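Welcome! Here is a short briefing to read alongside the structure below.

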Amino acid sequence: MIVRVVFAGTPEVAVPSLRALLDSDAHEVVAVVSRPDARTGRGRGLSRSPVAAEADAAGIEVLTPPDARDPEFAERLRELAPDAAPVVAYGHLVPRTVLDIPRFGWINLHFSLLPAWRGAAPVNAAIAAGDEVTGASTFILEEGLDTGPVLGTMTESIRPRDTAGELLGRLAEAGSGLLLATLDGLEAGRLRAEPQATDGVSYAGKLTAEDARVRWTDPAITVDRHIRSVTPAPGAWTTLAGDRVKIGAARPAEPEEIEALGVDPGLAPGHIRGDKRAVLVGTASSPLVVERLQPPGKKMMNALDWIRGARIESGAEFV
């Protein structure tokens, strides 16, 4: 039997799941729900969300209610009579009156192993915390924050140099398969929702630009994780002589690199040392190698190109 679905999602990370549903012979996407068009870019023109744009290209009806509590939205959802409403990073809280419309409910794909890292930024939080394994969970959406009973899970190793963008990309692709398998299991009657454990609950709130500021006074391993956890968005940054500098890539320095540059392994936090071989920045422990950065008014560049032209004076530091 074909499962009728109304898919809800907004950003690029939700697109693999929508594509998987559109390509599936066992599922019929009767409509897509996404956030309203937003103003972006220097011209502040209106832009469709990635999910809405994908639905447009497929000729699927797109619903963009300003709020999921909108009565007209609820009425249209009832008319569509979906079996399920799979949701990936939609961005609106869904009220009980709308949650109850699909017969299987709203099935959320969340990029963590619940109850760990409930909230808006689970992948970022997992990298920043130094987790070695993460994954994705499907669960029945409730009015609480990612608290609903779990239907399925998958695991994914966090690689030593993963950025949030790289890890999220892998989870988005693999998670689309988990979402389809969950819908099929519900239709076949072979899945039972399991309440989330009460132990191991953690939260990952939405990140702001201020959250992405690099704290060079932290140990190198913490700074490294932090930079990777906010790459590419919201993007790590620091300041040099009062100007904001974005940090595109960095890694802990190897002992031989520190020795080759004649740098004190205890280089003071934020202090910059570099030549044509490497750009080192001090932390509370050992230095980091900054590989890519973006000075104000310029594009992201190789840090070695920057150090050659920046004429960094002795004692210069990132703050």
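Two strands pair if DSSP finds at least two bridges between them, and helices (H or I, at least four residues) and strands (E, at least two) are DSSP runs, numbered from the N terminus. This is a predicted model, where local features need pLDDT of at least 70, side-chain atom pairs count only at pLDDT 80 or more, and totals for chains, interfaces and linings use all residues. Residues are numbered from 1 along each chain as its sequence is written, and side-chain values use heavy atoms, leaving out hydrogens and water.

**The sheet**
- Val 6 has Ala 31 in β2 as its bridge partner.
- Strands β1 (residues 3–9) and β2 (residues 27–33) run parallel to each other, paired over 6 bridges.

**The largest pocket**
- A pocket is an open set of points on a 1 Å grid over the protein atoms alone, with protein on both sides within 12 Å along at least five of seven lines; lining residues have an atom within 4 Å of a point.
- The largest pocket holds about 1,500 Å³ of space, a volume being the space filled by probe spheres set on the points, which are joined across faces, edges and corners.
- Its lining has 48 residues, with Pro 11, Ala 89, Tyr 90, Gly 91 and Ala 120 nearest the centre.
- Elements giving two or more residues to this lining are β3 (38–40), β6 (85–88), β7 (106–110), α5 (122–128) and α6 (164–188).

Note on methods:
On a 1 Å grid over the protein atoms alone, a cavity is a set of points where a 1.4 Å probe fits but cannot get out, and a pocket is an open set with protein on both sides within 12 Å along at least five of seven lines; lining residues have an atom within 4 Å of a point.
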